[in-house]
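User: I'd like to learn how to read salt bridges in a model. Could you walk me through some cases?

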Amino acid sequence: SKAPRDVTTGGALVPCDTMCLLHPEQASGVEKKSAERESRVGCSVCFDARWHLFRLDGSTTLGELSRLLKLELAKGAHPSWNHCFNFQGRVLSDYDEEIQNLNRGENVVLYAFSAIKGGSCMGFISRSQLDEERNRYEKKVKEISEERDALQKKVGEIAKEKDLLANQLKDIRQELERKGAQEKHELSGNGDAHKTKAAEGTNQKQGSGANFKIQQQSGDEATSITEDHALRELLSDCLEKFWMSREREDVEKVFSAHANTLAPQPVIDSEAQFGAALRALGLDMSPEAARDFFGMMDLEDRGGLDLAAFHRALRMASTPATQWATSLPLAQLLGRLLDFRHTAARAAEPLREVSQLGAREVEAVVGAFADGARTLLTRALANLAESFRMMDGKAAERAGDERSSKFSTIKMSAGRVEDFHKGLAERTGLPRAEVEKAMMEEHCVLAGCDEEFTAPNYGVVTRPRKEYGILLDPARCPPGDRLDRAGREVRVPRSPEHLLATSPLARAAALDLHEVRAVVLYTGPMFVVYNAILRRFPEADLHRFTGGGSNRYATTIFVLVSAVVKIARAMKLPTGLELFRGTGGRMELPESFNKPDALGRVGFMEYGFLSTTAYKEVAIQYSGVKGGPMPMVLRIVTGSIDRGACIAELSQYPGEREFLWVPCSFIAPDGPASVEVVTTEDGETGVVTLVPARINANLKTETVDQLIQSAKLRHLENFRYQILEVERDLEQLVASENAAARLKSDPNRSFSQERWVELGGKLEDLSPGMSDGATIQFTVPGLVRKFIRDVEAVRDRQALVPAADYHCDWTFRGLVEELLRAGTAPLSAMRHYLENVEESIESTMRSPCFREHTLYLAFLWRGLQRLSGPERAARALQLCALVGLVSGEDLDAVDWEGLTPLMRAAQDGAGERSIQLLMEAGATVCSSTL
């Protein structure tokens with residue numbers, strides 16, 4: 001807006017009359033456009049590219065122009081001029097030589113270009129070069145103009161064709177309505193089927209972009225025009241209801257139409273109205289399904305659903321067809337098509353690219369999706385029809401021989417949510433801490449260890465004692481037990497010690513030898529015994545294996561669970577991996593798998609270990625497809641927490657890639673079931689039901705490490721609470737016994753530090769502030785703190801005892817006795833100081849509280865001799881409590897063996913003093929108790 005001044009003449013430096021290399025014909029509008037755009041000099045047509053042009057003569061130096069432009073910038077000239085002062089690290093004065101070398105006979109133009117998207121640049125161009133660029137541009141403009149005219153002509157022709165097609169479509173619709181009415185009249189007259197005459201022609205439906213043809217019809221094989229019209233009307237209605245169920249306003253209208261508006265808050269309060277509301281939105285449920293769904297969605301048991309609950313129900317509601325359709329990979333197909341432009345180079349924000357698809361690209365994607373969906377649906381429907389055909393054949397076969405056991409099914413032994421929370425211990429009992437001894441006895445000593453059984457997978461006939469012998473010495477495995485039914489050697493028994501030393505999985509999971517042994521046992525025939533005990537089925541096998549219930553293999557199963565949990569934590573397993581399990585063909589899922597309980601929960605708890613495979617074809621072989629009445633495969637998706645453990649590396653059958661889940665895990669439906677026609681490895685064809693499920697692994701059971709540590713941790717935790725209780729009791733004691741007065745009368749409350757150390761005192765027993773380096777000022781709180789440190793030292797020493805020693809009865813008994821003494825010794829030591837005036841605080845500070853406890857007992861015994869009557873009895877009872885002869889004031893209370901404290905002391909060989917104390921306290925001796 002402010003033209004720079006001419007450097008040489010002092011006059012105005014007039015802008016180039018072309019102004020814009022792209023749109024020279026618009027140069028006259030520059031000043032007006034500039035004023036409108038905050039005084040910016042630039043093109044009035046393409047303001048995203050601004051060119052600033054000035055004529056220079058040969059005598060103008062760029063250094064002078066640079067100085068001038070800087071002055072103009074200071075006055076508020078256009079910001080784009082900033083780019084004139086620095087271009088690729090060079091300032092304008094660096095271009096003096098370049099401009100002097102140009103043809104001085106021509107006008108030279110300096111341009112600075114600033115593009116919104118492309119950055120900035122500057123340079124020089126001669127007048128002749130500028131003219132060439134202008135001519136080239138004008139030629140391009142002419143070509144574009146001609147192309148635009150041609151396109152406009154084409155658009156007009158398409159518009160005429162559109163009108164023509166619209167008229168044709170209108171005529172066809174009228175003809176369809178006329179023929180439909182005629183057919184209806186004829187059918188009502190004589191009931192004969194109407195035979196449609198041959199119709200020819202092509203019809204296009206412009207509104208939806210879909211084309212339909214009235215094909216030549218002959219005889220009985222073609223669908224009538226009326227049926228096509230009715231089908232289109234039905235589909236249109238379905239689509240309309242689908243969009244209604246997605247629009248909040250439409251949903252609220254349907255809700256209001258079926259809700260009880262007389263209630264304080266509008267609710268749908270009947271199952272019939274609920275079903276009707278769902279049907280109005282295209283969800284047609286049976287009355288039974290609507291009733292169950294209504295009860296499940298009434299979360300607060302109010303007898304009705306408000307608007308929020310109705311919205312929630314719509315999101316969860318589905319019909320069998322909807323559930324089946326979710327098994328089709330339509331979403332994956334659409335995602336692949338939307339990703340057609342995505343490349344690794346633009347992977348940072350792929351959804352941003354999808355959001356920028358234009359109308360033409362969307363139309364192309366929709367067309368491709370329709371083609372793909374047509375292929376998917378055609379194949380899926382063919383498979384579904386074939387599945388029902390084969391199922392009908394099976395049903396007919398069963399109907400012809402209903403008495404045959406070949407077609408009998410078994411209800412799965414399963415638990416409910418409440419059983420899941422009870423955990424494994426409720427099923428098998430608690431394990432023993434002596435793991436190795438317990439596992440050996442369960443397999444070789446206890447009842448059921450010699451019961452013979454047959455493993456169903458490879459037909460091995462064996463016994464628990466035999467399998468434990470093979471575990472300890474793999475060479476003892478008979479050659480015949482190593483073969484499968486086809487005579488191939490598949491079983492490879494290996495030493496657990498060798499596996500523990502060489503297996504990367506065992507090292508990664510930090511397994512111990514007992515856990516490796518448990519896994520090896522399970523991967524052999526012993527899985528039959530363990531799962532029969534966990535499932536308590538079959539009952540005859542359960543009775544044989546457990547010896548009537550006395551041997552439930554609790555320790556072995558517990559150690560196996562520990563190994564599975566640790567392996568699942570340590571192994572590489574991608575989240576979302578699909579695992580499969582065949583159910584054998586005779587096993588029915590429990591009713592709770594699909595029917596919610598009173599709290600809306602569905603699913604069942606699997607009591608036993610659950611073996612799964614990553615290979616679908618392997619699971620199909622175990623599905624019962626070769627003859628079972630109910631071939632079924634569970635499809636399970638793993639998670640970050642809920643995951644199986646691949647135990648192939650430790651298995652006796654290393655060829656099986658088995659993923660094992662812990663017992664008492666919960667299995668819930670994870671989508672609609674589907675059916676598939678499959679071909680087995682023998683070439684037989686059958687129908688298998690695929691059931692999507694999710695598993696919540698039961699992690700309530702402790703690992704072996706946690707079991708061994710548990711006794712120690714519980715003991716030390718009890719010790720911690722004991723210390724807190726002792727500290728509280730000491731504070732109450734010193735407050736009630738006027739400890740301050742006792743300390744004031746103590747002549748040794750102030751003592752030489754040097755002398756105290758010489759007598760055996762420890763400076764670490766002094767609390768902060770008690771000593772100035774020369775003299776110690778003893779305090780009662782300092783004495784309390786010293787007693788607490790004595791007890792903490794005992795606890796710290798017990799914390800160093802190995803966890804396994806806590807399971808040794810003799811060792812653990814000693815640890816508990818120390819814990820009990822730690823609860824009484826500090827109080828006895830404090831009472832000794834408070835009650836015995838001959839005791840000084842400096843000597844008490846030097847003596848451990850446990851020694852002071854002993855001195856206090858001696859002090860009380862001496863005092864007892866000087867007392868008589870009730871006082872003597874009370875002192876005797878106090879001594880009995882301190883030495884642990886009684887736990888209360890009742891001296892004649894009997895223990896679990898029916899013995900009084902006096903009788904117990906006599907039976908255990910207690911000393912004469914203990915007997916005397918009980919007698920002094922008032923314990924009675926009579927013939928009835930003896």
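Predicted model: local features only at pLDDT ≥ 70, side-chain atom pairs only at ≥ 80, totals over all residues.

User: Are Glu606 and Arg535 buried or exposed?

Analyst: Buried means under 20% relative accessible area, and both Glu606 and Arg535 are buried. Their side chains meet in a salt bridge, at 2.9 Å from N to O. Glu606 belongs to strand E12 (residues 604-606) and Arg535 to helix H20 (residues 513-535), so this pair ties together parts that are 71 residues apart in sequence.

User: How many salt bridges does the structure hold?

Analyst: There are 33 salt bridges. Take Arg389 and Glu386, whose side chains meet at 2.6 Å, N to O. Both lie in helix H13 (residues 359-400), three residues apart, or about one turn of the helix.

User: Which residue forms a salt bridge with Glu842?

Analyst: That is Arg846, with an N to O distance of 2.9 Å. Glu842 and Arg846 are four residues apart in helix H29 (residues 841-846), so about one helical turn separates them.

User: Which residues do salt bridges with shared partners join into one network?

Analyst: Glu418, Asp597 and Arg601 are joined in that way.

Note on methods:
Residues numbered from 1 in each chain as written. Heavy atoms only, no water. Salt bridge = Lys/Arg side-chain N within 4 Å of Asp/Glu carboxyl O. Helix = DSSP H or I, 4+ residues; strand = E, 2+ residues; numbered from the N terminus. Buried < 20%, exposed > 50% of the residue type's maximum accessible area, 1.4 Å probe, protein only.
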